[in-house]
Amino acid sequence: MDFATIASIAAKSGGILYIMPVLLLIVLWVSIERFLFLSRMSRLGEKMASTLEQLPDIKEQSLRPLADSAEFPFRALLQIPIRFPNIKDSAQLSEILQEAVMRQVPLLDKRLWLLDTTVTLAPYWVFWAPLSVCFMPFRF
């Protein structure tokens, strides 16, 4: 199949076949970027957990240097015990930590809506492109 044939089919598809390669590039870019970001977060989380295990206690004087040097999103979590030192109830501390985690989620899920949208619409576009080429001769 030569380039002229492919261009002809793409032109007859109503432009959908021009959009598909662009969407493929976007999906690959978001997938690779999110994979690298989340694998980095996983490594940082393991490093942070091992550093926390080595601390003699989880009091402000030992936790503050670690919280100040921590990267996103761990800094927000490590600052919770520093900001609320009087909380002794583990359930209340758990609720505050959970709220801090929920505030970080939108930053972790960044650009994933592109993947959701593309995965949802791609089957429709894959179905519509050949169908529009098949019914092209029947237009009045």
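**Exercises on salt bridges in a predicted model**

The side chains of Arg103 and Glu99 form a salt bridge (2.6 Å, N to O), the term meaning a side-chain nitrogen of Lys or Arg within 4 Å of a carboxyl oxygen of Asp or Glu. Residues are numbered from 1 along each chain as its sequence is written, and side-chain values use heavy atoms, leaving out hydrogens and water.

**Exercise 1.** Determine where Arg103 and Glu99 lie, and whether each is buried, partly exposed or exposed.

*Solution.* Step 1: both residues belong to helix α5, four residues apart, about one turn of the helix. Helices are DSSP runs (H or I, at least four residues), numbered from the N terminus. Step 2: buried means under 20% relative accessible area, exposed over 50%, and partly exposed in between (1.4 Å probe, protein chains only). Step 3: Arg103, at 57%, is therefore exposed, whereas Glu99, at 43%, is partly exposed.

**Exercise 2.** Trace the salt-bridge network that contains Glu33.

*Solution.* Step 1: Glu33 pairs with Arg34 at 2.9 Å (N to O). Step 2: Glu33 also pairs with Arg111, at 3.0 Å (N to O). Glu33 lies in helix α2 and Arg111 in the loop between α5 (90-108) and α6, so this pair ties together parts that are 78 residues apart in sequence. Step 4: Arg34 is buried at 4%, while Glu33 is partly exposed at 21%.

Technical notes:
Predicted model: local features only at pLDDT ≥ 70, side-chain atom pairs only at ≥ 80, totals over all residues. Helix = DSSP H or I, 4+ residues; strand = E, 2+ residues; numbered from the N terminus.
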